[in-house]
Amino acid sequence: MIDVRLKTFIAICQEGSYTLAAQKLSLTQPAVSQHMRQLENELSAKLFVRKGGKIEVTQEGEIVLKYAKRMSAVYDTMLRALKDEKEGLTRISIGVTPTAESNIMAEVLAEYSIRKPGLRITMITDTITNLYEKLKAYEIDLAIVEGNVPAGSLKSVLLDTDSLVLAVSNENPIAKKSVATLADIKKENMILRSAGSGTRNLFVSHLEALGQSIDDFNVILEVDNIATIKDLVRRNFGVSILARSACMDELKKGKMKALPVENLSMIRQISLVYHEDFDRSDILNDLTGLYYSESASLGSKFR
């Protein structure tokens, strides 16, 4: 089992206090202090420093925390796998970015769960950066992300390619055009994903390549939730740059329009990412095959 001193260390980092960590773990404060003295001696590292009456994790402590969390996650996964084996269950946790959550992936996962009665899927939505960290820490098994996959211990399967489009209300005059220009967009109120999102970053990078700046556009609102953005666009409060896949249902039902933007070929990949020691190739094959099937079906219906 994971070293109890590492559990204590993680609790201190989470609570920011020896006292609160002791309460969380049902230990005495002297016991918590002893755990930390023993751990620091064994590792020959200073894990905490006191500043202004508060404790802060040192750089060495941050390294220990990263690996301690991985060890804890792997141990918890092992216990869960043993329990599931006895019950005849298989559990996987899949992280998705907000954009990926809005495309057909949620339907694919739901369909796959129905087809596999002994399978339990937990879907977690988070930023691409956090999902990669969760993968490396074994907190999730798979991730559905957009963009390039970093090299290293992570492997990936290309699911699809997607493009960013200008989403507009059916009532907006731009909806009558086949292609939107940057001049068109500058005249509109814009509702965008928050800074740091993959969609926003791709749009901004393409603007900068053309010598343009996001500051030249009238961004009236920044929103994390894609469903909220689409609702505001449909009601003609503004226009937005969104992934085409995230708008497929609305486009199919004629609730809004999506146009390419002149001189902006905003293409990106959608990938299924997993750790190199993920050993369920059957699940990978099933999910990719089902995604391809659903994507082809949706594409034929839309055309």
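Predicted model: local features only at pLDDT ≥ 70, side-chain atom pairs only at ≥ 80, totals over all residues.
**Entry 1: the whole chain**

Residues are numbered from 1 along each chain as its sequence is written, and side-chain values use heavy atoms, with hydrogens and water left out.

I then looked up the secondary structure, which comes to 12 helices and 11 strands; helices (H or I, at least four residues) and strands (E, at least two) are DSSP runs, numbered from the N terminus. Along the principal axes, the C-alpha atoms fill a box of roughly 70 × 50 × 30 Å. The protein chain exposes about 15,900 Å², and carbon and sulfur atoms supply 49% of that area, which was calculated by the Shrake-Rupley method with a 1.4 Å probe, where for residues only the protein chains shown count as cover. Of the contacts (heavy atoms within 4.5 Å) with a separation of 6 or more, 73% are between residues 24 or more positions apart.

**Entry 2: helix 2**

In helix 2, which covers residues 18–25, I found that Tyr18, Ala21 and Ala22 are buried. Seen down the axis, these buried residues fall within an arc of 100 degrees, so they line one face of helix 2; the arc is that of the directions from the helix axis to the C-beta atoms. They pack against helix 1 (4–15), helix 3 (29–43), strand 1 (48–51) and strand 2 (54–57).

I also looked at both ends of this helix. At its start, a side-chain oxygen of Ser17 reaches to within 3.1 Å of the backbone nitrogen of Thr19, and just after helix 2, Ser26 takes a positive phi of about 60 degrees.

In helix 7 I found Leu131, Tyr132 and Leu135 buried. They cover an arc of only 100 degrees around the axis, which puts them on the same side of helix 7. What covers them includes strand 3 (90–96), strand 4 (119–125), strand 5, strand 6 and strand 11 (267–275).

Just after helix 7, Tyr138 takes a positive phi of about 65 degrees. I wrote this down because most residues other than glycine have a negative phi. Tyr138 lies in the loop between helix 7 (128–136) and strand 5 (142–146), and with a relative accessible area of 27% it is partly exposed. Asn236 likewise has a positive phi, near 65 degrees, and is a residue other than glycine. I located Asn236 in the loop between helix 10 and strand 9, and at 32% relative accessibility Asn236 counts as partly exposed.

**Entry 3: the nonpolar cores**

Which residues touch the most other members of the largest nonpolar core? This core has 37 residues, and the ones I noted as touching the most other members are Leu166, Met190, Phe203, Ile241, Val261 and Met266; a nonpolar core is a set of buried Ala, Val, Leu, Ile, Met, Phe, Trp, Tyr and Cys residues joined through side-chain atoms within 4.5 Å. Among the elements that each supply at least two residues of this core are strand 6 (154–168), helix 9 (198–209) and helix 10 (226–234). Strand 6 gives the most, with 5 residues.

**Entry 4: single residues and cysteines**

Is Ala209 buried or exposed? Ala209, in helix 9, is exposed, with a relative accessible area of 68%. The C-alpha atoms of Ala209 and Leu264 are separated by 9.5 Å, although these residues are 55 residues apart along the chain. For Lys66 and Ser205, which are 139 residues apart along the chain, I noted a C-alpha separation of 32 Å. Lys66 is found in helix 4 (residues 59–87), and at 38% relative accessibility Lys66 counts as partly exposed.

Finally I looked for disulfides (a pair of cysteine sulfur atoms within 2.5 Å), and the count comes to 0. Cys13, at 23% relative accessibility, counts as partly exposed, whereas Cys247 is buried, at 0%.

Methods. Buried < 20%, exposed > 50% of the residue type's maximum accessible area, 1.4 Å probe, protein only. Polar contact = N/O pair within 3.5 Å; in protein donor to acceptor, adjacent residues only side chain to side chain.
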